[in-house]
Amino acid sequence: QVQLVEFGGGLVQPGGSLRLSCSASGSIASLYSMGWYRQAPGKKRELVAQITEEGRPNYPDSVKGRFTISGDNANNTVYLQMSSLKPEDTAVYYCMARQRWGLGSRDSWGRGTQGTVSS
């Protein structure tokens, strides 16, 4: 099992920035992808950024150009830099790690960190 701990989050005004980080530990040898999801009240959890198995970043249109995901392989940490934040970006942000598991894969999740965009 992979353990994930998120840091960052908080309250920021519209147009501001936040930086999240996520450290992975445990059975990390088989990790091949990490990413960030978010869940707003009353909404489904959605992907906001992912580093694919090929090492490429992947973003949905809603955050493209505003969010940047990066990784530090030496420290098993992934970051999410969020800029030009909007009130609709308010959500709990979750770190996700995907590892090979048997013939398939298994996802591990952090506990989440709250990001609130409000004036």
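**Strand pairing, disulfide and nonpolar core in a predicted model**

W36 has its place in strand β4 (residues 31-39), where strands (E, at least two residues) and helices (H or I, at least four) are DSSP runs numbered from the N terminus. The model is a predicted one, in which local features need pLDDT of at least 70 and side-chain atom pairs count only at pLDDT 80 or more, while totals for chains, interfaces and linings use all residues. Residues are numbered from 1 along each chain as its sequence is written, and side-chain values use heavy atoms, with hydrogens and water left out.

W36 and M96 are separated by 60 residues in sequence, yet their C-alpha atoms lie 5.9 Å apart in space.

The strand that carries W36 also leads to a set of pairings, where two strands pair if DSSP finds at least two bridges between them. β4 pairs with strand β9 (residues 91-101) in the antiparallel sense, over 8 bridges, and within this pairing Y37 faces Y94 of β9.

Attention now turns to strand β8. Of the 6 residues of β8 (residues 77-82), 5 are buried, so the strand is largely enclosed by the rest of the structure. Strand β3 (residues 18-26) runs antiparallel to β8 and is joined to it by 6 bridges, with R19 opposite Q81. Strand β7 (residues 67-72) is likewise antiparallel to β8, through 6 bridges, and D72 stands opposite T77. β7 and β8 form a hairpin with 4 residues between them, and N76 in the turn has a positive phi of about 50 degrees.

The structure holds 1 disulfide, defined as a pair of cysteine sulfur atoms within 2.5 Å. The disulfide is formed by C22 and C95, with 2.1 Å between their sulfur atoms. It ties together distant parts of the chain, as C22 lies in strand β3 and C95 in strand β9, 73 residues apart. The torsion about the S-S bond is about -85 degrees, so the disulfide of C22 and C95 is left-handed. Both C22 and C95 are buried.

The packing can be described through nonpolar cores, each a set of buried Ala, Val, Leu, Ile, Met, Phe, Trp, Tyr and Cys residues joined through side-chain atoms within 4.5 Å. The largest such core has 26 residues, and W36, L80 and Y93 are those with the most contacts inside it. At least two residues of this core come from each of β1 (2-7), β3, β4, β5 (46-51), β7, β8 and β9. With neighbours within four places in sequence left aside, L80 is in contact (heavy atoms within 4.5 Å) with residues including L18, L20, W36, V48, F67, I69 and Y93.

Conventions: Buried means under 20% relative accessible area, exposed over 50%, partly exposed in between (1.4 Å probe, protein chains only).
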